[in-house]
Amino acid sequence: MKITIKSALALCLPAVGLGTFAAASLLNAAPPQRIKSHEELQVYDTPRIDPATAPGRPIFEQNCAMCHMGGVPKAPSPAFLAMLPPDSIVNSLTHGVMRSQGENLSQQDKIALAEYITRTPYDSYKRPAPPPVCTGTAVNFDMADTPAPIGWGRDNRRFVPAGTAQLSASDVPQLKLKWAFAYPASNRARSQPTLAWGTLFVGSQDGTVYAFDPDTGCTRWTTRLSAEVRTAIVADGEAKRLYFGDLLGKVHALDAMTGKELWAHRMSDHADATITGTPTLGGGLLYVPVSSLEVVQAGDPKYECCTFRGSVVAVNPATGEEVWRAWTAGEPVEKGKTAAGALILGPSGAPVWNSPTYDAKTDRVFFGSGENYSSPADENSDAIFAVDARTGKRLWHTQLTANDAWNVGCMIGNESCPAENGPDYDVAASPLLIDTGPNSRMLVVGQKSGQAWGLDPETGKIAWETRLGHGGTQGGIHFGMAAEGSTVFVPVNDMADTYDARIYDEKQRGAGLHALNAGTGKVRWFARAPSKCKGAKFCDPGISAAITAIPDVVFAGHLDGMFRAYNSKTGAVLWQTDTTVPVPSIDGGTAKGGSMSGPGAAVWKGKVFVNSGYGMYSHMAGNALLVFAPEKTAKPKRGAAR
């Protein structure tokens, strides 16, 4: 039998599990790219060092590798530690949990070790002056401005009502930059801004939580913790507490008026556990989603993959103590060895990336899971779960995509990749509970497959499915949808190059903003994302970030750094700005955005607050917090020249 390139591709196409794509596109496309190591997942515009020649390498190998290369189950992996700021490493070895291990190291050894772990020259890591501290009346919190029950952690529909937004569609074209802040030593800004008590609360990459005066940018307080704040800040109006999760898998509670830490608890014993989804407050409990970066660790062919299991943990908001835990994946057991000789343990993974949705009417919690990390894939990956809010008992679960086991080894193309080879179709966005009639509701779900789904919230039965894009490793629906009434707004990413040798059908690329009827899944309109990239590296026009709706307007940040406001009835662009353009920061430096991913905008009392910069996963780095407000032009007096 004669095998040509074309016939070989035809034989392979059904087996690769990449969703829908065209053979013609594959035959005519440029050779697909792959990353060579997990370190390429980070994108920097700051100085870097070569780990091969770094003086800290032998110090790490002699003093740290035994524990952090898998010898101690709770010890974070090097890939995890690399995401910490270098001064946090030095502080931990000097004053923190690693001080006993650091006793025999000189200060210079600690600095060299921190440089090797973070790949950041210590001398280049200079924290700029802090923002100005509020004085006079600006120091006062507005106690009458109690937290609105909106946004991640409260109501995942991400709709800001008119009374809170105080911004009309006619005001939006007049939006101008009011002030900006450059997060210190940062290449990403992944914490959702929150407004409460007349104060802007937001976290940052270096672990600092800020309480800003929203009018001027002065600070009422700042509190620095040990690791990046990844989630939104959830404001508890009754207890006057703030809740959020960090990179190391801890949930924190702070006094909202002072920034004092009240409690902090790690939500998993697994070394690579992290918190990406915002904890949800409801029914007297705080529901915490647990995900992990073991999916990155697994890119090493020598790594024994995998032992992490996703879960949602209900904790007492006053103490942080666990009340119940609902697991996703089953218990991992040995399943064999890879070609490189590493153990395969499974099932594993099914992380919970999204903020759980609490339903007060039925006292239920809904959430979605991601892929399995290792073979065998089980029935819990890429699924939606409904659990009892009091006990965590599973009431139903519906799997949307079967046989999805994937890890970063699949991007690299090595022996770590499970036999299923993906397709990595996480349910990464929070499920939205939508009223579709006087006595009817729909649970609307977005998936990285490029599909939106409607499920019966009582039974989990699928009511409708709508394909909006080709999806993929970095395709489909990512961080968050929004809804106004029975209309659901769905952002789609659909990157053209996902750096894992996968090529998708351009004809199915759905990058942009879609509006759906929540009851039927019918598309009401689609605004395709224009591109300003012009071949720039790490630039893509799609929408990965969570979106935010106010009456008649949807705000969406794009991966090319464009921040746009869309008419929610038609999809027409009302206003846009390029966040990659450098602007003065209130601390005297320069703020410069990048790709917009992760958190979306917050809208409060006529102002729009948004982060820009996402130096991860082949996206553009940035460090900007941007605040916009309308600059209305005064009407000319009668008889004046026009």
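The legends below describe close-up views of a predicted model.

Local features are given at pLDDT of at least 70 and side-chain atom pairs only at pLDDT 80 or more, whereas totals for chains, interfaces and linings use all residues. Residues are numbered from 1 along each chain as its sequence is written, and side-chain values use heavy atoms, with hydrogens and water left out.

**View 1. An open sheet of 4 strands, in the order β2-β3-β4-β5, has antiparallel pairing.** Strands (E, at least two residues) and helices (H or I, at least four residues) are DSSP runs numbered from the N terminus, and two strands pair if DSSP finds at least two bridges between them. β2 (194–196) and β5 (219–224) are the edge strands; each has a single partner, so one side of each lacks a neighbour in the sheet. Direction ignored, neighbouring strands of this sheet are turned by 20° against each other on average; the axes are lines fitted to C-alpha atoms, and angles run from 0 to 180 degrees between N-to-C directions. Within the sheet, β3 (residues 199–202) and β4 (residues 208–212) run antiparallel and are joined by 3 bridges. Leu-200 stands opposite Phe-212 in β4.

View 2. β29 and β30 pair in the antiparallel sense over 3 bridges, with Ile-550 opposite Val-553 in β30. On the β31 side (residues 562–567), 5 bridges join the antiparallel strands, and Val-554 stands opposite Tyr-566 in β31. Buried means under 20% relative accessible area, exposed over 50%, and partly exposed in between (1.4 Å probe, protein chains only). Because 5 of the 5 residues of β30 are buried, the strand is largely enclosed by the rest of the structure.

**View 3. The second largest cavity holds about 30 Å³ of space.** A cavity is a set of points, on a 1 Å grid over the protein atoms alone, where a 1.4 Å probe fits but cannot get out; lining residues have an atom within 4 Å of a point. Grid points are joined across faces, edges and corners, and the volume is the space filled by probe spheres set on them. The structure holds 2 cavities of 30 Å³ or more. Strand β30 (residues 553–557) gives the most to the lining of the second largest cavity, with 3 residues. Other parts of the chain also contribute, including Ala-545, Phe-563, Met-596 and Val-610. The lining comprises 9 nonpolar, 2 polar and no charged residues. In this grouping, Ala, Val, Leu, Ile, Met, Phe, Trp, Tyr, Cys and Pro count as nonpolar, Asp, Glu, Lys and Arg as charged, and the others, Gly among them, as polar.

**View 4. The largest cavity holds about 640 Å³ of space.** It is lined by 35 residues, of which Trp-353, Asp-426, Lys-448, Phe-479 and Tyr-617 lie nearest its centre. Helices α10 (294–297) and α11 (408–412) each supply at least two residues of this lining. By class, the lining of the largest cavity has 15 nonpolar, 14 polar and 6 charged residues.

**View 5. Glu-458 and Arg-364 meet through their side chains in a salt bridge (3.3 Å, N to O).** A salt bridge is a side-chain nitrogen of Lys or Arg within 4 Å of a carboxyl oxygen of Asp or Glu; the structure holds 17. The pair links distant parts of the chain, 94 residues apart: Glu-458 lies in the loop between β23 (451–455) and β24 (462–467), and Arg-364 in strand β18 (residues 364–368). Glu-458 is partly exposed at 46% relative accessible area, whereas Arg-364 is buried at 13%.

**View 6. Asp-578 and Lys-532 form a salt bridge of 3.6 Å, N to O.** Asp-578 lies in strand β32 (residues 573–578) and Lys-532 in the loop between β28 (523–528) and β29 (548–550), so the pair ties together parts that are 46 residues apart in sequence. Asp-578 is partly exposed, with a relative accessible area of 27%, and Lys-532 is partly exposed at 29%.

Technical notes
1 Å grid on protein atoms, 1.4 Å probe; cavity = no way out; pocket = protein on both sides within 12 Å on 5 of 7 lines; lining within 4 Å.
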